[in-house]
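Morning, everyone. Let's take a quick look at one model, from the chain contact down to the domains.

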2 protein chains.
Amino acid sequence: MNNFNFYSPTYFVFGKDRENETGKYIQRFGGKKVLIHYGSGSVIKSGLLERVKKSLESSGIAFSELGGVVPNPRSGLVYQGIDICKKENIDFILAVGGGSVIDSAKAIALGALYEGDFWEFYNGKRIDKALPVATILTLTAAGSEGSTGSVITHENGMLKRAANSDLIRPVFSILNPQLTCSLPPYQTACGATDMLAHVMERYFTNTKEVEITDRLCEGIMLTIINETPKALANPDDYEARANLMWAGMVAHNDICGVGREQDWSTHNMEHELSGLYDVAHGAGLAVMFPAWMKYVMSHDVNRFAQFAVRIWGCEMDFQNPENTAIQGIKHYEHFLQSIGMPIRFSELGAKAGDIPVLVKTLGLGEGTLGSFVKLTEKDVQKIYELAV
Amino acid sequence: MNNFNFYSPTYFVFGKDRENETGKYIQRFGGKKVLIHYGSGSVIKSGLLERVKKSLESSGIAFSELGGVVPNPRSGLVYQGIDICKKENIDFILAVGGGSVIDSAKAIALGALYEGDFWEFYNGKRIDKALPVATILTLTAAGSEGSTGSVITHENGMLKRAANSDLIRPVFSILNPQLTCSLPPYQTACGATDMLAHVMERYFTNTKEVEITDRLCEGIMLTIINETPKALANPDDYEARANLMWAGMVAHNDICGVGREQDWSTHNMEHELSGLYDVAHGAGLAVMFPAWMKYVMSHDVNRFAQFAVRIWGCEMDFQNPENTAIQGIKHYEHFLQSIGMPIRFSELGAKAGDIPVLVKTLGLGEGTLGSFVKLTEKDVQKIYELAV
């Protein structure tokens, strides 16, 4: 096991109707003038925003609001939010939505206390302060409700960049599974695929003997695999939604990643795919992950066999562990198909002819990607080809 | 899944030689004048205390020290610690040791900022403030390094009482598995048994469909079961010690307990046993847990069958799930024996004739104990009898 630090100080408020306690928790964490940040009108239509405002009012907390966050959140709205914060002396940001809204809220929290351009923090500038951020989560997938990260796309050049700091980790997050019951099946499945990927990019590692982290990873994966079909078959299945919602947090607050090397190369390869074709992140991962697995499997057949046996219940082939490993990947592909995910380029509308563009945009040059196997440009090209 | 709050803000610093960074982290968490609190001389003999002091000195942090904590820590030393804090304007408590030292440090942290008697907090007085506490853990078992609890025995009447508050949860904890390599086999096994119990008292619940929490529980149990024999066979097995050390924290920071009813009746029944015979807590649990299981099994045979199948690899007997459930308990007993734990009264030196005393001291009267099955005095008596 490698040395590590682990820190996950977000206060989680989980369960039915908990958004009605928002005011109380903002008070507890010191907010007096709040910017409520949200996406499209769905939180208005559903009545959620109204309930949240009512909770703030009954706690005597003043607020402004800013909607309009889009998937892959943009810098333009962040600048607007920062302006509002400065003009109105906002001291607390409340994100009501999914990962995009939360990421946008984190960016505003950074810019609100900075005289310069918030974008500098997305180009590596050291983060020294930020307004406190809290979230009311409406979509199970990104794990941003308990994480330190924020990804923003700058409209000047459409650059997608990330900032990371404990200072933008939500101080509290309200997770009410009821709010996710209205998610369409495709979005539910994309979320589940993303959550699985968050675990798997921590699971396939060169670090040996991290049994506790392996077992926690496996527990989360088994939960996602068992509960997703239930949520698809019956969108109002509260228990399935609740298990998925909490699994999504645990999948990404790094409790299942500590003590080991992690490998986020598939997330990186997928970013190029969703950048070029504007496909959902989860769908892109469903196409790229099996391809990556097939390409790197021989590097550590036993690890893939463990995945096959412990996750998919495969029989271990002690003569040929490779057979077991292959079975595991097949099971994973079948699962993705069963929840309506694409697993090949054509299902995404992606074209084999574009692979050179994807490889080039990834911009590896003479460098490598990932750690489980250090991928060169040529490796990446072959992985994209396997996904065709 | 039940509604719940989850909050685990301790900053964990895990791995080899990390105690040498103590000074840096005390600085980060605002400590200027530290009371170093420890137990017997083992931290002196091992050189650990010296390394810690060196780290503090090199960060320019002043300190006093107070050793002498005993297992089942006593009020007398707590009063001494509080006096030192007040006289010397201590602003930070550093526990170097296992659960007893940490619990004693938490009590001092409470009393240092209070004009009255710290014991009031162990009689239910509301906790409003406390000095920050940090820990350097030397013993894997109690989970106190990441928990809100402290148990102290008052020498006036030998009353054992608990206090709980987020304010005494350690701000940071340093977990270096190397420090546990010198633990004798019996203590290692007692720790493992206690950790398993922490998970099982959350696992056997009437709350249905808490798949994610079940799976995390199972992951932790499997880790403890796989790694304990390795640590016993080779005390210097760093990887086994590391997995156990982190499993001990995760077993008790409540990530494996959220969203469900918990049942701590076995811990309570054991307290009477270790109170009367002065046996190790883990050894007492090894005797009481199988007895409790046998007594309550019929209340939810399928839950015990799940334990048998998922933890012990038993085949499910679909005709008679009860057979499977019984097999699981047998496997658990065999495991306890294999790591050198007692599983019957006689092995502890406990006597059947004392059962009425144990039942009476527990003091249920007309009330009940636990939640999975609400145990009356008569039930408790039968469980003690099963342990004979």
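One definition before we start: two strands pair if DSSP finds at least two bridges between them. Keep in mind that this is a predicted model.

So, where do the chains pair? Strand S1 of chain A, residues 4-14, pairs with strand S1 of chain B, also residues 4-14. The sense is antiparallel, over seven bridges. A:Val13 stands opposite B:Asn5 in S1(B).

Now widen the view to the whole contact between the chains. Chain A puts in 35 residues, and chain B puts in 34. Which elements of chain A give two or more residues to that side? They are strand S1, helix H7 at 211-233 and helix H8 at 238-250. H7(A) supplies the largest share, eleven residues. By class, the side of chain A that touches chain B counts 18 nonpolar residues, nine polar and eight charged.

Next, inside chain A. The domain assignment gives domain 1 as 11-179 and domain 2 as 182-386. Their centres, over C-alpha atoms, are 28 Å apart. How many residues of each domain are in contact with the other? Domain 1 of chain A has 14, and they meet 20 of domain 2 of chain A. On the domain 1 side, the classes are six nonpolar, six polar and two charged.

To recap: S1(A) and S1(B) pair antiparallel, H7(A) leads the chain A side of the contact with chain B, and chain A is assigned two domains, domain 1 and domain 2. Thanks.

Conventions. Residues are numbered from 1 along each chain as its sequence is written. Chains are lettered from A and ligands numbered from 1 in the order in which they are written. This is a predicted model: local features need pLDDT of at least 70, side-chain atom pairs count only at pLDDT 80 or more; totals for chains, interfaces and linings use all residues. Domain bounds come from an automatic or database domain assignment. Two residues are in contact if their C-beta atoms, placed from the backbone, lie within 7 Å. Ala, Val, Leu, Ile, Met, Phe, Trp, Tyr, Cys and Pro count as nonpolar, Asp, Glu, Lys and Arg as charged, and the others, Gly among them, as polar. Helices (H or I, at least four residues) and strands (E, at least two) are DSSP runs, numbered from the N terminus.
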